[in-house]
Amino acid sequence: MRLMPVVYIVSYLLITSIAANAGQEVIVLHTPPDRTVIEYDILNLSLEVTKGAVDLIKVTVDGKDRKEIVPDLGFECFSVILNKLGTSTVEVSAFKGETLVATFVRNVFRRSDLVGEYRKPPLSFKISGFHMEAHPECRKCHVLEVSGYDKKPISPSTFASEKFSSEQIFAATSTCYSCHKSITKKPYVHGPASVWSCLSCHDNNAAIRYSVRKPVKDVCYGCHVEQKKEWNSKKYIHGPVNVGKCTICHSPHSSNYAFNLFKSTWDLCVNCHAEKATGQHVLGDTMFKKGHPTKGRKDPVRIGKELTCASCHNPHASNYPHLWAFEVNDVFELCKKCHFDK
Ligand code: HEC
Ligand code: HEC
Ligand code: HEC
Ligand code: HEC
Ligand code: HEC
Ligand code: HEC
Ligand code: HEC
Ligand code: HEC
C-alpha cells in the first residue's frame, strides 16, 4: 500500500516525458551536442524543423536573448558568439503561436590558454569531433569533401604583392566557407585565413580530423621562416614563445587587434604579468612611487605607435636582458633610448 503513490508518480513522469518527446520531434538539433568544448568565440548550430510546425525559434545565451528566427527552409543553420570564457548555457525554444512546442539546452565550454582556470574543460566536456562523422543530413546542401582550393601556396614575404580573388570566389570554392564564414569576420584577418587556405594549418588526415599539429609554432614557422631564423638565434626567448604557443597571443583566423592579437598588447602582457601594470618596476625603488607610464602616451621611438610594454620589451626574443627591445645591456642605457637629454 505504501508504494502506491510512488508508482503513481513514476507513471505520471513517464507519461509527461513521452508527451514532451513527442513535442520535440518538430525540431531536431543536429549540432552542437551537449557539453561541447570550443576554442574561440563562435558556436555553430543547426536545426531541422518540421515545416509548418514552428512559427518562431528563440535562442538565448546565459539567459540573454540572442536570436529570433522565423523558420522557412526546413533547416536552420546559424551561429552565436560566446562572449565569456568557461561554461555558457545555450537554450533553443520553438514556439507555435504562443505555445512552447520544443526546447533544448546545451552547455558549452569556451577554453583558453590565457586564463589558468579555463585551460582545462570540466570532466565530461569534449570537442564535438564534428568532422569525424559523415553527416549525410548536411550534405543535402553543403559540400564536405576537401578540394585543392582549401590549401593555397602562400608566403608572408610575397603575400602583400599578390592578387587574390574576391570573397565571392572564396565562398564558391572553399569547402569550409559555407559553415565557418564567421571565422574571418573580425577586422584583422590572418593572411592564409583571408584567402580561405584553411588546410595550410588544419590537417585533413589528423586523428581528430582537422586538428592542428602541436606544437603550433612548427606550423607557424612553416611559413614564418624569417621569424624562426631570427628568434631562434637570440639569447633569450620569451616563455610562451619558447614552449611553442603562438596562439596564446595571436589568432590564427581574425581578431579585433593589429597583428591578429587576441587583446591589445598591453592587456595581453598584463594578463600574465599583472604586477607590472603600474610600471613601478621600470623605475625600481626610486622617488617616483607612481611608476613609469606603460600606456596612454606616445612612443617616442616607434613613431605613430602608442607606448606599451612592447616599447621596451620584445614579445618574442632578444639578445638583451629582460627581452629588451633595444640593443642595450643595462637600465641606464635603456632610459637614454627615449630620454635623449638625460
Ligand atoms: C556542413 C558544415 C561544415 C563544413 C562544410 C565544415 N565544417 Fe568544420 N565544423 C562544423 C561544425 C558544426 C563544427 C562543430 C563545432 C562548432 O560549433 O563550430 C565544426 C568544427 C570544426 C573544427 C573544430 C573541431 C571540432 O570537432 O569541434 C574544425 C577545426 C573545423 N570544423 C574545420 C573545418 C575545415 C578546415 C573545413 C573545410 C575543409 C570545415 N570545417 C568544413 C561544420 C562544418
Ligand atoms: C536545406 C539546406 C541545408 C541543410 C540540410 C544544411 N544547411 Fe547549413 N546552411 C544552409 C544555408 C543556405 C546556409 C547559408 C550559407 C551561406 O550564407 O553561405 C547554411 C549555413 C550553415 C552554417 C553557417 C551559419 C552561420 O551563420 O555562420 C553552418 C554552421 C551550417 N550551415 C551547418 C550545417 C550543418 C552542421 C548541417 C547538417 C546537420 C547543415 N548545415 C545542413 C543550408 C543547409
Ligand atoms: C595559421 C593556422 C590556421 C589557419 C590558416 C586556419 N586555422 Fe583554424 N585553427 C587553428 C588553430 C591553431 C586552432 C585551435 C585548435 C587546434 O589547435 O587544433 C584552430 C581552430 C579552428 C576551429 C575550431 C574553433 C573552436 O572554437 O573550437 C575551426 C572551426 C577552424 N579553426 C576553422 C578554420 C577555417 C574555416 C579556416 C580557413 C578560413 C582556418 N581554420 C584556418 C589554426 C589555423
Ligand atoms: C600558410 C602560410 C602561413 C602559416 C602556416 C602561418 N602564417 Fe602568419 N601570415 C602568413 C601570411 C601570408 C601573412 C600576411 C602577410 C602580409 O600581410 O603581408 C601572415 C601574417 C601574420 C601575422 C601578421 C604580421 C604583420 O606584420 O601584420 C602574424 C602575427 C602571423 N602571421 C602569425 C602567425 C601565427 C601565430 C601562425 C601559426 C598559428 C601563422 N602565422 C601561420 C602566412 C602564414
Ligand atoms: C606573448 C604574446 C606573444 C606570443 C606568445 C607570440 N607573439 Fe607574435 N607578436 C606579439 C605582439 C605583441 C606583436 C606585435 C609587436 C609590436 O607591437 O611590434 C607580435 C608580432 C608578431 C608578428 C609580426 C611582427 C614581427 O615581429 O615579425 C609575427 C609574424 C608574429 N608575431 C608571429 C608569432 C609567432 C610565429 C609566434 C610563435 C612562435 C608568436 N608570434 C608568439 C605577441 C606574441
Ligand atoms: C601566457 C602568459 C604570458 C603572456 C601573455 C606574456 N608573458 Fe611574459 N612571460 C611569461 C612567462 C611564463 C615568462 C617566463 C617566466 C620566468 O622565466 O620567470 C615570461 C617572462 C617575461 C619577461 C622576463 C624575461 C627575463 O628574462 O626577465 C618579460 C620581460 C616578459 N615576459 C614580457 C612580456 C611582455 C612585454 C608581454 C606582452 C607582449 C608578455 N610578457 C606576455 C608569460 C607570459
Ligand atoms: C619604459 C620601459 C619599460 C616599459 C614600458 C615596461 N618595462 Fe618591463 N622592464 C623594464 C626594465 C627597465 C626592467 C628591468 C627592471 C629591473 O632590472 O629590475 C623590466 C623588467 C620586466 C620584467 C622582468 C623582471 C621581473 O621582475 O621578472 C617583466 C616580466 C616586465 N618588465 C614586464 C613588463 C610588462 C608586462 C610591461 C607592460 C605593463 C612592461 N614590462 C613595461 C622596462 C620597461
Ligand atoms: C620606450 C621609451 C621609454 C623608455 C625606454 C623609458 N622611458 Fe621614461 N618615459 C617615456 C614616455 C613616453 C614618458 C611619458 C612622457 C610624457 O608623458 O611626456 C616617460 C616618462 C618618464 C618619467 C616621468 C614620469 C611621469 O609620470 O611623467 C620619468 C621619471 C622617466 N620616464 C624615467 C625613465 C627611466 C628612469 C627610464 C629607464 C629605466 C625610462 N624612463 C625609460 C618613455 C620611455
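## Around ligand 1

Ligand 1 is surrounded by 22 residues, and Asn-44, Phe-130, His-142, Cys-176 and Cys-179 are the closest. Here a residue counts as near a molecule or strand if its C-beta atom, placed from the backbone, lies within 6 Å of it. Strand 3 and helix 4 (177-180) are the elements that give two or more residues to this shell. Helix 4 makes the largest share of the shell around ligand 1, with 3 residues. Helices (H or I, at least four residues) and strands (E, at least two) are DSSP runs, numbered from the N terminus.

Before we go further, please keep in mind that this is a predicted model: local features need pLDDT of at least 70, side-chain atom pairs count only at pLDDT 80 or more, and totals for chains, interfaces and linings use all residues. Residues are numbered from 1 along each chain as its sequence is written, while chains are lettered from A and ligands numbered from 1 in the order in which they are written.

What classes of residue make up the shell around ligand 1? There are 11 nonpolar, 10 polar and 1 charged residues. In this scheme Ala, Val, Leu, Ile, Met, Phe, Trp, Tyr, Cys and Pro count as nonpolar, Asp, Glu, Lys and Arg as charged, and the others, Gly among them, as polar.

## The domains

The chain is divided into domain 1 (4-121), domain 2 (148-247) and domain 3 (273-338). These bounds come from an automatic or database domain assignment. Between domain 1 and domain 2, the C-alpha centres lie 32 Å apart. Their contact takes 4 residues from domain 1 and 4 residues from domain 2, where two residues are in contact if their C-beta atoms, placed from the backbone, lie within 7 Å. On the side of domain 1 that touches domain 2, the residues divide into 1 nonpolar, 2 polar and 1 charged.

Ligand 5 has 19 residues around it, and the closest are Cys-220, Pro-240, Cys-246, Cys-249 and Pro-315. At least two residues of its shell come from each of helix 6, helix 8 (239-242) and helix 9 (265-272). The shell around ligand 5 splits into 11 nonpolar, 6 polar and 2 charged residues. It draws at least three residues from each of domain 2 and domain 3.

Now for the sheets. Strands of a sheet pair through backbone hydrogen bonds, either parallel or antiparallel. One open sheet has 3 strands in the order 1-3-6, with antiparallel pairing. Two strands are said to pair if DSSP finds at least two bridges between them. At the edges are strand 1 (27-31) and strand 6, each pairing on one side only. On average, neighbouring strands of this sheet are turned by 25° against each other, direction ignored; axes are lines fitted to C-alpha atoms, for helices over the stretch in contact, and angles run from 0 to 180 degrees between N-to-C directions.

Strand 1 and strand 3 (residues 42-49) run antiparallel and are joined by 4 bridges. Val-28 stands opposite Glu-48 in strand 3.

Another open sheet is formed by 5 strands in the order 2-8-7-4-5, and its pairing is mixed. Strand 2 (36-38) and strand 5 stand at the edges with a single partner strand each, so one side of each has no neighbour in the sheet. The twist averages 30° from one strand to the next.

Strand 4 (residues 56-61) pairs with strand 7 (residues 86-96) in the antiparallel sense over 6 bridges. In strand 7, Glu-91 stands opposite Thr-60, and Ala-94 is the bridge partner of Ile-57. Strand 4 is also joined to strand 5, by 5 bridges, and these two run antiparallel. There, Val-59 has Lys-67 as its bridge partner. The hairpin of strand 4 and strand 5 has 2 residues between the strands, and in it Asp-62 takes a positive phi near 50°.

## The loop at Val-70

Val-70 lies in the loop between strand 5 (64-69) and strand 6 (75-81). Is Val-70 buried or exposed? Val-70 is exposed, because 9 other C-beta atoms lie within 10 Å; a residue is buried with 20 or more other C-beta atoms within 10 Å of its own, exposed with 12 or fewer, and partly exposed in between, with C-beta atoms placed from the backbone. The C-alpha atoms of Val-70 and Ile-57 are separated by 6.4 Å, and the two residues are 13 residues apart along the chain.
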